[in-house]
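Have a look at the model below before reading on. The notes that follow walk through its ring pairs and a couple of other spots.

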Amino acid sequence: MLGTLVSAGKRTSRADEDFVLATYIENPEGILCVLALDEGGGLLGFQSVVRTSAGNRYGTPEGWGFIGTHVAPEAGRRGVGSRLFEATRAAAEAARLPAIEAFIGATNVEGQAYYEKMGFRTYRIADGAICKCYRLA
């Protein structure tokens, strides 16, 4: 699915299996990686949140959550992202995160709109990205 997002111009980061395992599945700082599947078990999307450490590559404050949301192009605008965020927010609250940051490409208007809809607000701009924050505490 991530390869499809790359092909569609909606993702610029790596999409290979090693990257997915290290970043989303086996990340020692991972709090949750939740999947959205269709009736036949096909992947519609997934969302992950990890606890940030000092000096992370995004400059996110230490101890916050860092979120990644990925929805298949054919599943867009069907409520997949909203349902994923329900699970992610609950996990972030249970982990006692003070806030969650989304690091969104400045040209990714769909991503910016999604996070605004979920309650994230722009709080900084960095390296061609809009950084939005969702406060939990």
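How many aromatic pairs does the structure hold? The count is ten, where rings of Phe, Tyr and Trp (its six-membered ring) pair if their centres lie within 6.5 Å, with planes under 30 degrees apart called stacked, over 60 edge-to-face and the rest tilted. This is a predicted model, with local features needing pLDDT of at least 70, side-chain atom pairs counting only at pLDDT 80 or more, and totals for chains, interfaces and linings using all residues. Residues are numbered from 1 along each chain as its sequence is written, and side-chain values use heavy atoms, leaving out hydrogens and water.

| Pair | Centre to centre | Angle of planes | Type |
|---|---|---|---|
| Phe85 and Tyr134 | 5.2 Å | 80° | edge-to-face |
| Phe120 and Tyr134 | 5.3 Å | 45° | tilted |

Phe85 sits in helix H3 (residues 80-94) and Tyr134 in strand S6 (residues 129-135), so their pair ties together parts 49 residues apart in sequence; helices (H or I, at least four residues) and strands (E, at least two) are DSSP runs, numbered from the N terminus. Phe120, in the loop between H4 and strand S5 (121-126), is 14 residues from Tyr134.

Phe120 has 0% relative accessibility, so it counts as buried; Tyr134 is buried too, at 16%. Buried means under 20% relative accessible area, exposed over 50% and partly exposed in between (1.4 Å probe, protein chains only). Phe85, Tyr114, Tyr115, Phe120 and Tyr134 make up one aromatic cluster.

Now for Ala106, in the loop between strand S4 (99-105) and helix H4 (109-118). Ala106 is partly exposed because its relative accessibility is 41%.
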